[in-house]
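Here is a short tour of the model below. Have the viewer open as you read, and follow along from one element to the next.

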Amino acid sequence: MQLTITTLSDQLFNIEVSEDLELENFKALCQEETGVSASEMSIVWNGRPLHDEKLTLKEYGIHNGDMVLVQHMRGQMGQQSSGSTPSNTGPLNIDFRNIQLPGGSRQAPPSRREDDPKYLMDMLLSNPSQLAVLKERNPPLADAVLSRNLEKFRKVFNEQKEAKLREEQNRIRLLTADPFDPNAQQQIEEAIRMKNVETNMETAMEYAPESFGQVHMLYVDCKVNGHPVKAFVDSGAQMTIMSQQCAERCHIMRLVDRRWEGVAKGVGTQKILGRVHLCQIEIANVFLQSSFSILENQPMDMLLGLDMLKRHQCIIDLRRNRLEIGDEKVFTPFLGEADLPEHARLNQPPGSASQDEDRDLAEALSRSAQDSGASQRPSNSPAVPSQAGGASSTPQFSESVVSRLMQNGFSRNAVLEELRRANGNADQALASLFAKSFSMP
């Protein structure tokens, strides 16, 4: 039978095993794939840890297609059997709140301990399981290690050490501060809140570790105009969409009604080139009628939205991992990670496009307003959901208000866009600009 294995460090892979395989032998197989020692490994299935290593997978009730979580029990790290020799690459104790990186063995010279970035980076690179823990607890430092750039690692390491030192100095200052100082009380309140957040996270990692795993999105194979397409099933999307590249590949750009131009906000900030009012989609040898909008720069080829799913009474069956077509009583399985498009795989690095989403939205709105000036949509055409732009004129704002907002370091385009959203309310626009300028640490 085939099982899907996931870890807290975002690893995801499939293995073929026998249902009569004992748990201890199953751990040995997982050790080869994850790098986690079998003695420090905990197997979790359906939220329940498996302890008896002599029971088989069948006796536990594990079936073909199930997902199993492999958890590294960090509380057991560093334990050695009697008479064993300490390892040269000592255990890591990476705390979420600070940087406690591993030292060497007891015979290691002091100069090669926590203050030597090269020694620490080499140690992390030689220990994949502990590097996975670092990636989970401290992604910036883990990225610096994986880059194998010593200068970058030294810079991130020193910055985090200095940040920890400032945090400790601030804690000591708060302990001696005036208890009636509102600023000091506010900082104490924030420190207590963060402590509660960390406690909540530690509790979740201990009792619900599966919540930190990741699953890939739902894709199905289909055909549009006889051409194979991997479609993303998204019941949270209001309408079915297709990228311009996919529409050209399927030879249906000639059917696009460009009077339905606009900007799609619900699926990013993409420009809508138009709409195909009727087209047949083949899923599991069944032809279904659907309409969809064509997006200019959409990374995925096709997205099956709620309009198409409701029209054909589709059922997303996660228990059987398939999409059922209610009217036709047919189904098609969801694709595994190996069959997904390249951009949809879990092992791909996260993109940075989301950081500029607000700027892209303003630019897209501006382009849509300019492009739609030449061709108006007919007055009897229905409005398109999740669509902005059109032939509306750009409102005028006082130059003094615009200049005052720009003095806070924001571009003119960003100021005008926020004023437009706030209907000319300068205070509301300023608050929105400041909120968007903040980024997660």
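## Two helices that cross

Axes here are lines fitted to C-alpha atoms, for helices over the stretch in contact, and angles run from 0 to 180 degrees between N-to-C directions. Helices (H or I, at least four residues) and strands (E, at least two) are DSSP runs, numbered from the N terminus. With that in hand, look at helix α6 (residues 150-175) and helix α7 (residues 182-207): their axes come within 10 Å and cross at roughly 125°. α6 and α7 are therefore oblique to each other, a label for angles that are not under 35 degrees (roughly parallel), over 145 (roughly antiparallel) or 65 to 115 (roughly perpendicular).

Which residues in α6 meet α7? They are N170, R173 and L174, and their partners in α7 are A184, Q187 and I188; contact means heavy atoms within 4.5 Å.

## The sheet and its helix

Now turn to the open sheet, where 5 strands follow the order β2-β1-β5-β3-β4 with mixed pairing; two strands pair if DSSP finds at least two bridges between them. β2 (12-16) and β4 (48-50) are the edge strands, each pairing on one side only. From one strand to the next, the twist averages 35°.

Strands β3 (residues 41-45) and β5 (residues 67-72) run antiparallel and are joined by 4 bridges. Within β5, V70 stands opposite I43. Helix α1 (residues 23-34) packs on the sheet and touches β1 (2-7), β2, β3, β4 and β5; the direction of α1 makes about 105° with that of β3.

## About the model

This is a predicted model: local features need pLDDT of at least 70, side-chain atom pairs count only at pLDDT 80 or more, and totals for chains, interfaces and linings use all residues. Residues are numbered from 1 along each chain as its sequence is written, and side-chain values use heavy atoms, leaving out hydrogens and water.
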